[in-house]
Amino acid sequence: MRWLTLYARSRQVPASLAAVVIGVVAVWALARDEGAGPGDPRLPVLVLATGAMAFSIGLGGQDLALDRTAAIRWVPRRTAHVLLAGAVVAAALLTVQTMGASMATTAFVVRDSAGLMGLVALGAALSGGQYAWTLPFAWLSFSFFAPPPTSAPMEVAMWMLLPPGTAAGTWTALVLTVVGSAAYAVAGPRR
């Protein structure tokens with residue numbers, strides 16, 4: 001159990017968790033006066049992306065050379081780290097929604113949380129833990145300012161904001177989750 005505590009501290013999990021909770025509570029305070037049902041998907045996507053970006057800092061260790069020479073298997077730990085971080089981000093938003101402000105459906109939250117954590121993991125594998133947040137930030141920025149999707153490529157580009165039953169959104173999130181998690185688990189963060 002001690003190794004888990006040390007791992008969590010070395011990956012800055014407490015600080016990331018605090019950032020997720022603060023972000024979710026702030027959005028809950030803003031959204032609780034809105035209507036009873038899910039509406040504009042931008043607010044929950046912003047919460048999920050912020051949570052994924054908060055956890056991205058922990059995808060790179062304090063000393064990459066030390067991580068690479070460790071006598072433990074990193075693949076299962078890295079995979080578990082990405083999947084658990086995505087589950088925590090989704091659970092935080094779903095928990096806040098039980099207190100009255102329904103911003104998105106459960107399927108939407110799970111799909112976007114998984115896809116965004118895969119995107120963060122891909123960012124860590126490509127550019128390192130300190131810059132892992134840039135890939136989801138850029139994609140989120142594009143999604144917020146792009147025109148409504150009218151073609152399949154634009155639906156793929158706008159996957160975060162699509163309704164949960166949309167095939168393009170679901171498949172894009174699934175591919176990002178699998179590819180990002182696998183790339184990070186096998187290769188680790190870039191130096």
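## A nonpolar patch on the surface

A patch here is made of residues with over 30% relative accessible area and no salt bridge, and nonpolar side chains are joined into one when they lie within 5 Å. The model you're looking at is predicted. On its surface, Leu17, Val21, Val25 and Val88 make up one such nonpolar patch, and together they have about 280 Å² of accessible area.

Where does the largest share of the nonpolar patch come from? Helix α2, residues 13-31, supplies three residues. Val25 lies in that helix. Val25 counts as partly exposed because its relative accessibility is 42%, and partly exposed covers the range between under 20% (buried) and over 50% (exposed).

## How α3 meets α5

Two packed helices are described by the angle between their axes and the distance between the axes. For helix α3 (residues 42-56) and helix α5 (residues 74-97), the angle is about 145 degrees and the axes are 10 Å apart. The crossing of α3 and α5 is right-handed. On the α3 side, the contact is made by Pro44, Val47, Leu48, Gly51, Ala52 and Phe55, while α5 brings His81, Ala85, Val88, Val89, Ala90 and Leu93. Val88 also turns up in the nonpolar patch.

## How α5 meets α6

Now follow α5 to helix α6 (residues 106-127): these two pack at an angle of about 145 degrees, with axes 9 Å apart. Is this crossing left-handed or right-handed? α5 and α6 cross in a right-handed way. Here α5 makes contact through Val82, Ala85, Gly86, Val89, Ala90, Leu93 and Leu94, and α6 through Thr106, Val109, Ser113, Met117 and Ala121.

Methods: Residues are numbered from 1 along each chain as its sequence is written. This is a predicted model: local features need pLDDT of at least 70, side-chain atom pairs count only at pLDDT 80 or more; totals for chains, interfaces and linings use all residues. Side-chain values use heavy atoms; hydrogens and water are left out. Patches are made of residues with over 30% relative accessible area and no salt bridge: like charges are joined within 9 Å, nonpolar side chains (Val, Leu, Ile, Met, Phe, Trp, Tyr) within 5 Å. Accessible areas come from the Shrake-Rupley method with a 1.4 Å probe; for residues, only the protein chains shown count as cover. A salt bridge is a side-chain nitrogen of Lys or Arg within 4 Å of a carboxyl oxygen of Asp or Glu. Helices (H or I, at least four residues) and strands (E, at least two) are DSSP runs, numbered from the N terminus. Buried means under 20% relative accessible area, exposed over 50%, partly exposed in between (1.4 Å probe, protein chains only). Axes are lines fitted to C-alpha atoms, for helices over the stretch in contact, and angles run from 0 to 180 degrees between N-to-C directions. A crossing is left-handed if the near helix is turned anticlockwise from the far one by less than a right angle, and right-handed if clockwise. Contact means heavy atoms within 4.5 Å.
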